[in-house]
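This report describes a single model, shown below. It takes up helix packing, then domains, then aromatic rings.

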Amino acid sequence: MSDKPFESDFTQAEIDALYKTIFNRRDVRGQFTSEPVSDEVLSRLLYAAHHAPSVGFMQPWNFMVIRSDEVKSRVHDAFEAANEEARQMFEGERRELYSSLKLQGILDAPVNICITCDRERVKGPVLGRTHIKTMDLFSTVCAVQNLWLAARAEGIGMGWVSIVEQDRLRQALAIPDDIVPIAYLCVGHVSHFNDEPELQKKGWRSRLPLADLVYFDQWQQGPGEDEGLLEQLQKNQGFPEGFIKLP
Ligand SMILES: Cc1cc2nc3c(=O)[nH]c(=O)nc-3n(C[C@H](O)[C@H](O)[C@H](O)COP(=O)(O)O)c2cc1C
């Protein structure tokens, strides 16, 4: 075993580009334009999603590309029903604020993509999934994130719609019972990207300070001697001024 660590083979500009993508990715609901997403771009996004990590290299995903207005409208109906139920779960001012939020762009986005998980893609035991069966679901979420980041880098917006009954989604898309719809995504060109999460902007919830979320060696334990990391987390986290919004 060599002691010499691998040095990044990314240029500083490439490293910055990756962080820029991460910090500027947004959930997009309201800023879609009608311009179609070209097949070239869409295929790159799906290709990026397909290169996500997956437990035992299971690749449990399928990607349903939805352009039909009729299908979109069925999903939109399912969203409307679930959203009304959701609205009732909040009270007073929160309910009013909830009602004012736009939480999907199903009909506005030129393309919708449903990413599903086939839990039986590999027959018999799956390497790495022998003890925690939900690892296939988590793998599929990794594909969603890859797509989201690739889309942002291409200037394409994406929004995740989860306010929908899973069975109604299955029905709308003719997905069999043994396949799990993981993410219903609205994808398209946008007029602009917001510089902070919409929920934060509208006063629903703010980003938590990262330093409060990091524990050392044991649950909820502070840094002890290892204060350097905590100090870094509380400061600029090593990023140039203005590179990311703090906290
Ligand atoms: C699993 C998951 C489900 C989500 N479902 C919805 C949704 O149904 N509607 C919505 O407007 N946003 C949804 N979002 C987006 C979040 O609200 C958003 O990621 C969060 O507010 C942070 O904003 P940002 O993604 O712009 O950084 C979802 C995000 C995730 C990861």
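## Helix packing

Helix H2 (residues 39–50) and helix H5 (residues 135–153) have axes that come within 7 Å and cross at roughly 140 degrees, where helices are DSSP runs of H or I with at least four residues, numbered from the N terminus, and axes are lines fitted to C-alpha atoms over the stretch in contact, with angles from 0 to 180 degrees between N-to-C directions. The contact, meaning heavy atoms within 4.5 Å, brings Leu45, Leu46, Ala48 and Ala49 of H2 against Ala143, Asn146, Leu147, Ala150 and Ala151 of H5.

## Basis of the model

The model is predicted, with local features requiring pLDDT of at least 70 and side-chain atom pairs pLDDT 80 or more, while totals for chains, interfaces and linings use all residues. Residues are numbered from 1 along each chain as its sequence is written, and side-chain values use heavy atoms, leaving out hydrogens and water.

## Domains

An automatic or database assignment divides the protein chain into domain 1 (27–193) and domain 2 (205–235), and the centres of these domains, taken over C-alpha atoms, are separated by 32 Å.

## Aromatic rings

There are six aromatic pairs, a pair being rings of Phe, Tyr or Trp (its six-membered ring) with centres within 6.5 Å, stacked if the planes are under 30 degrees apart, edge-to-face if over 60 and tilted otherwise. Among them, Phe90 and Tyr98 are stacked, at 5.0 Å centre to centre and 20 degrees between the planes; ring pairs link Phe90, Tyr98 and Trp204 into a cluster.

Tyr215 and Trp219 form an edge-to-face pair, with 4.7 Å between centres and 80 degrees between planes.

How values were computed
Helices (H or I, at least four residues) and strands (E, at least two) are DSSP runs, numbered from the N terminus.
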